[in-house]
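Reader: Please take me through the terms applied here and show what each one rests on.

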Amino acid sequence: MARPKIALIGAGQIGGTLAHLAALKELGDIVLFDISEGTPEGKALDIAESGPSEGFDAAMSGTQSYEDIAGADVCIVTAGVPRKPGMSRDDLLGINLKVMKSVGEGIRDHAPDAFVICITNPLDAMVWALREFSGLPHEKVCGMAGVLDSARFRHFLSTEFNVSMRDVTAFVLGGHGDTMVPLARYSTVGGIPLPDLVEMGWTTQDKLDAIVQRTRDGGAEIVGLLKTGSAFYAPATSAIEMAEAFLKDQKRVLPCAAYVDGAYGLDGFYVGVPTVIGAGGVEKVVNINMNKDEQAMFDKSVDAVKGLVAACKEIDPSLA
Ligand code: A3D
């Protein structure tokens with residue numbers, strides 16, 4: 001049986017890391033696409049040359065031609081520009097919307113059967129625009145944010161409780177931005193919900209609140225430290241988790257920016273929700289119960305996403 005084909009659209013910091021991880025995990029043959037001549041070819045060759053030591057079997061190539069992504073099973077999109085210190089994700093909207101148009105049309109014409117994972121920011125608006133430009137079925141186009149945001153939450157929690165990250169689960173809903181909603185009630189250490197851990201005296205509400213805020217600011221913290229770009233190791237790892245769930249039909253329950261039509265009182269929006277990812281793409285949107293406060297935070301986050309989608313429609317009237 002032929003190996004799956006993975007097309008990485010954008011061969012920058014995240015794109016290169018995605019290629020390396022996909023090769024190490026032998027998820028398939030990899031094509032790196034980028035408009036910057038030499039970058040995808042150079043990264044593909046460099047990673048291929050790590051193969052003999054690492055012992056993986058994966059073909060690796062770089063290209064500036066969409067024809068080379070033909071028949072891809074998975075496309076992961078990082079094309080565009082990242083944040084610099086002082087910029088919000090939303091500042092990227094105008095530039096990255098144009099990029100989504102060319103990428104969406106490239107995927108539509110050459111890889112219409114792919115499962116597409118968008119990472120380009122501002123995520124919830126860009127994944128919506130990418131779907132519109134590509135015309136692919138909604139369940140085959142989603143955005144990576146929730147896996148990363150909850151991984152950050154889990155990392156901070158495991159440090160606070162001094163326990164293995166494997167025993168910490170975390171739940172983050174809503175848009176990928178300052179309004180994201182880390183849900184303490186659905187996040188656990190060894191199956192014990194966080195509010196119970198406060199009652200048990202294992203941590204305090206103040207410490208928990210600080211961790212929630214640090215999770216919301218997780219991207220900006222890395223941008224502030226790196227100064228020349230944004231996070232890439234953890235974002236790439238998160239997207240690979242989603243791609244693997246699709247390729248191996250794992251039916252993983254993962255939060256992602258999915259098309260929500262009906263659930264959560266929404267009609268036709270991309271926003272961060274828990275989903276089941278398997279061979280069908282986003283096979284299910286899990287509709288959880290929220291209390292009044294959680295619902296209010298979620299609604300605020302959805303409003304922020306709606307504002308960004310409206311801005312996309314103003315910039316490009318073909319989307320209206
Ligand atoms: P970077 O290293 O700059 O890579 C972006 C690549 O896109 C560059 O190599 C560009 O040449 C390429 N590119 C630009 N325009 C096009 C085009 N039209 N077609 C093909 N390639 C193009 O950035 P990065 O890899 O650090 O980040 C990529 C994106 O991911 C940015 O928008 C970030 O803001 C975003 N990001 C999202 C998250 C989420 O959690 C959602 C996290 C971190 C970064």
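Author: Ala, Val, Leu, Ile, Met, Phe, Trp, Tyr, Cys and Pro count as nonpolar, Asp, Glu, Lys and Arg as charged, and the others, Gly among them, as polar. On that basis the lining of the largest pocket divides into 21 nonpolar, 13 polar and four charged residues. The model is predicted, so local features need pLDDT of at least 70 and side-chain atom pairs pLDDT 80 or more, while totals for chains, interfaces and linings use all residues. Residues are numbered from 1 along each chain as its sequence is written, and side-chain values use heavy atoms, without hydrogens and water.

Reader: What makes a residue part of the lining of the largest pocket, and which residues are the closest to its centre?

Author: A pocket is an open set of points on a 1 Å grid over the protein atoms alone, where a 1.4 Å probe fits, with protein on both sides within 12 Å along at least five of seven lines; a lining residue has an atom within 4 Å of a point. The largest pocket holds about 790 Å³, the space filled by probe spheres set on points joined across faces, edges and corners. Of its 38 lining residues, I14, T78, G80, V81 and P82 are the closest to the centre. Elements giving two or more residues are α1 (13–24), α4 (93–110), α6 (146–161) and α9 (218–226); helices are DSSP runs of H or I, at least four residues, and strands runs of E, at least two, numbered from the N terminus.

Reader: Which element gives the most to the lining of the second largest pocket?

Author: α6 does, with seven residues. This pocket, of about 490 Å³, is lined by 23 residues, with S150, R154, A170, L254 and P255 nearest its centre.

Reader: Why is strand β1 called largely enclosed?

Author: Buried means under 20% relative accessible area, exposed over 50%, partly exposed in between (1.4 Å probe, protein chains only). Four of the five residues of β1 (residues 5–9) are buried, so the rest of the structure largely encloses this strand.

Reader: How do you know that β1 pairs with β2 and β4?

Author: Pairing takes at least two bridges found by DSSP. Five bridges join β1 to β2 (residues 29–33) in parallel, with L8 opposite L32. β1 and β4 (residues 74–77) have four bridges, also parallel, and I9 has V77 as its bridge partner.

Reader: Why do β7 and β11 stand at the edges?

Author: The open antiparallel sheet has the order β7-β10-β11. β7 (168–169) and β11 (192–193) each have a single partner strand, so one side of each lacks a neighbour in the sheet. β7 pairs with β10 (residues 188–189) over two bridges, and V168 stands opposite V189.
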